[in-house]
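Please open the structure in a viewer and keep the selection panel at hand.

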Amino acid sequence: VVGEGLRASLEQALRVGITDAPVLILGETGVGKEIMARNIHQISLRSGPFVVVHPASMPESLFESEFFGYERGAFTGAIRQKIGLFELADQGTLFIDEVGDIPPAIQTKLLRVLQEQRFIRVGGTREIYSSFRLITATNKNLWQEVQEGRFREDLLYRISVVPLMLPPLRERRQDIIPLVQNFMEHFCRRYNQLPFALNQEETAVLRSY
């Protein structure tokens, strides 16, 4: 069965999915943190969208306008109102990938919104409420980042109410062959090829890679 090695993580996701508790998904790059976050969102049955944020690809100068949105005329070039990510995620889930990459100055503002779920658009005067569910992910040791002064301790406690660890594939080798078989079936269908099976040698190579 695909994902047998993730059974404990999936069971935890099922339990936490029906709550509104903030989840921090921990794991190396490539283990499927965003897929797990989507799974939790689907379990929650929230009516709003699943909104994904990748801070590492966002210039620091744009953080505030991207998260909070802005009003027309708030700054040069703001020719129309922009809805921010907090507002877009209303009634849904806001997933912040690699949350450890958020600069300290933005961490302070993020904490304030997470506490109240209220914010004001850049250049605005009206307070906006957004009922979003927060899921974050990181490949860093945020507890160490706190010790070294790069991440706020109060923010870490706010986002890690439920920490969920995703082990890498090398620690759940029972998933390797089922995953390979699924990929083979997918690409055979995609390219109209006849399905085929791995021999014992190929299976052994993949399991030991």
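Predicted model: local features only at pLDDT ≥ 70, side-chain atom pairs only at ≥ 80, totals over all residues.

Residues are numbered from 1 along each chain as its sequence is written, and side-chain values use heavy atoms, with hydrogens and water left out.

Select strand 5, residues 93-96. Helices (H or I, at least four residues) and strands (E, at least two) are DSSP runs, numbered from the N terminus. Thr-93 and Phe-95 on one side of strand 5, and Leu-94 and Ile-96 on the other, are all buried (under 20% relative accessible area, with exposed over 50% and partly exposed in between; 1.4 Å probe, protein chains only).

Val-51 has Leu-94 as its bridge partner. Next, show strand 8 (residues 133-138), which runs parallel to strand 5 and is joined to it by four bridges. Here Arg-133 stands opposite Thr-93.

Now select Lys-33 and Glu-98, a salt bridge whose closest N and O atoms are 3.7 Å apart. Lys-33 lies in helix 2 and Glu-98 in the loop between strand 5 and helix 5, so the pair ties together parts 65 residues apart in sequence. Both residues are buried. A salt bridge is a side-chain nitrogen of Lys or Arg within 4 Å of a carboxyl oxygen of Asp or Glu.

Finally, select Glu-71, Glu-87 and Arg-121, which a network of salt bridges links.

Terms used: Pairing = 2+ DSSP bridges.
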